[in-house]
Amino acid sequence: MSGDRDTQPVGRRNRRPVGPWRVVIRVFLWAMALGWLVPLLLPLYASLRPYAETAAEGYFSLPKTLNFDYYVQAWQGGNLPRHFLNTLLVAVPAVVLTLFFASFVAFLISRRRLPGGRLLLILFTAGNLLPQQVVLTPLYLMYTKIPLPWWMSWPSELVYDSYWGIIAIHVAFQTGFCVFVLSNYMDTIPRELIEAATVDGAGVWRQYWQVVLPLVRPALGALGTLEFAWIYNDFLWAVVLMSTGDKLPVTSALNNLRSVYFTDYNLLAAGSILVALPTLIVFFVLQRQFVAGLTLGANKG
Amino acid sequence: MATVQPGRTVPAMRARPTPGPLNRRRLLGGAAYAAGALALPVGLAACEKPTDGGGGGGTVTFGSNYSDEVPKKAVAEVLAASGLDVKINTVDHNTFQENITRYLQATPDDVFTWFSGFRMQYFAAQGLATDISDIWQSIGGDFSAAMKQASTGTDGKQYFVPFYYYPWAVFYRKSVFQEKGYQVPKTWDDLKALATKMKSDGLIPIAMADKDGWPAMGTFDYINMRSNGYDFHVSLMAGKESWEDNRVKQVFTLWRELLPYCQPGANGRTWQEAAQSLGQKQTGMYLLGMFVGQQFQGEVAADMDFFPFPQIVEAHGQDAVEAPIDGFMISSKVKNVDGAKELLRYLASAKAQNAYLRSDPNNVATHNGADTSGYSALQKKAVELVGGAKQISQFLDRDTRPDFASTVMIPSLQSFLNKPDDVDGLCKRIESQKKTIFAS
């Protein structure tokens, strides 16, 4: 994250004559950029070549065969379409709910001056620092003991092995960060707007829904893209809290591409690229949102 | 307050650029979509709610780690022919293994795929498996005593139905041995003599790979069983013997004698690469499981042969064979016991095993009466090898606690291959870590 933040001031630096120091910096930056790109480009290259070829000649050799066979194989063999759908079933509701709840809390803390609101904010932020793995086992035990009706969770009839459980844990963990960002952002909205709305007789709901929410749209957009990428990338929770193979999200489906005694790394590379593609697309299309999201709420207006 | 005019709020809102992909309507739309999406699996579930329980008839759920394409299809066909209504839940084998404890404690399927030996006993002892001694009373005659032994828990009851196995042995190319006039070595000295001869012929005598951490365990197992016997090996694996015992150090010392004949840099090589070197006649011998056959086709595959690991101490001869057995168990939270037992009886039949193994030339059926007419020469030889074995071991990572195998033995064996000289220090480190792990 900090890397992204650093790129901004570098780009904006004033144009000065190119001195030797600047050359050093350029070279350094290019080297760093390559360092970050190689782990992305190497699998891409490997995924286009058959295993036999890379096994015989190494991954850095010149290609003899280049094709998309592995992509077809990964798409079908890994049953990716189904797992992509599973991921959407988790990520979309989780993002929507997170933003919805977080904006509520942020509104209360920032605009309604909730007693103890700041303490709540600190608590939320502190919760963010908690490593998720710490609650893994207790959560697993709780989930296996909370029943759900069969039409919500089949065949387990528990929160365990249901999307509800996964969505809930994502909402719980992501709300803290979103509240922090949104409440800081809401602090920048002129207090007079709310006061004016109050004078006009708008109730709390109307103040929230029609005055504040439209104004925090940029923040919601930025958070939405960020949160989607984070939840999409989750591997841990689904694997720990699910037991039905067909319900697992796409990140864990990559394991389907490894066979028992043998791992075809080229096939795995093709699968990884397919799985990484949505986040990459989201990132490149909404790049500005990402960067905005990272610095949102960093300073108060 | 009076200075604030309501009208001013409107332009303020409009003036803001709206780079966000989200506006209120879309948010609402998104919420509606989310609701719809959540309803979707619910809808699917509604169709599937079966009439479970009852008198043995209903659905049997089957938790499977047969996630590779060919076995997945084969097992589905075998289960479809069972005449029972079986619902398969396939989880990739890696996740399945890592999650097994959580899986068995939460909502396991009625029947699940698992391994025999220590790994089966571990869960049976924790009460996570259903006793199936009654099934064994009817199927017992169809399996060898060693198979039954491998299916029995520490309390003397059976918890496991063996399906197929694959032995570990030393593979070589017949044509190379014929051409150079090599003889299959019977003893440790023969082996070293053969290796010396191969070396002078310009071959790397022994292929070796341990990048993934587990392949070298087979070498340890065999040297230990040949020099110290099966019983010592089993109790060492169960954590009952000290790793600082001279007998263990002897294993590493013997192994070290072989290292000059092995492919150097084993920790950077996958077993596939080592197998390829055997296929390309760069190396002379390779100790691995039958699955090595996956790497060879056509002429090379037909040219493959194996011999049992040579004798080291005469008292132990070539008695023990390493042959991991895969099979099935019933979880303790089983919903349809009668159906699950019926399914296991079917899977223990020669018919089911024949059907499965038609798709898989690298394994061997466990049933005595299984049809071996379709077997390859190697499979037939494997039956002979295991049939003549006095004891069957299950491979290091199945014969001991999984956490000990993966967190202690993998790095230890890899460091041994890198620096074979410090046996005392190595054994000391293993022993101290073993104490911590087995105490938990």
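In strand 10 of chain B, Asp326(B) is the bridge partner of Phe115(B), and Ile325(B) is the bridge partner of Tyr165(B). The model is predicted, with local features requiring pLDDT of at least 70 and side-chain atom pairs counting only at pLDDT 80 or more, whereas totals for chains, interfaces and linings use all residues. Residues are numbered from 1 along each chain as its sequence is written, chains are lettered from A and ligands numbered from 1 in the order in which they are written, and side-chain values use heavy atoms, with hydrogens and water left out.

| Partner strand in chain B | Bridges to strand 10 | Direction |
|---|---|---|
| Strand 3 (residues 111–115) | 5 bridges | antiparallel |
| Strand 4 (residues 161–165) | 4 bridges | antiparallel |

Strand 10 itself spans residues 325–330 of chain B, and 6 of its 6 residues are buried, where buried means under 20% relative accessible area with a 1.4 Å probe, protein chains only. In a regular strand the side chains alternate between the two faces of the sheet. Both faces of strand 10 of chain B are covered, with Ile325(B), Gly327(B) and Met329(B) on one side and Asp326(B), Phe328(B) and Ile330(B) on the other.

Chain A contains 15 helices and 0 strands, these being DSSP runs of H or I with at least four residues and of E with at least two. Of the 301 residues in chain A, 47% are buried. Among its contacts (heavy atoms within 4.5 Å) between residues at least 6 apart in sequence, 71% join residues at least 24 apart.

Definitions and conventions
Buried < 20%, exposed > 50% of the residue type's maximum accessible area, 1.4 Å probe, protein only. Pairing = 2+ DSSP bridges.
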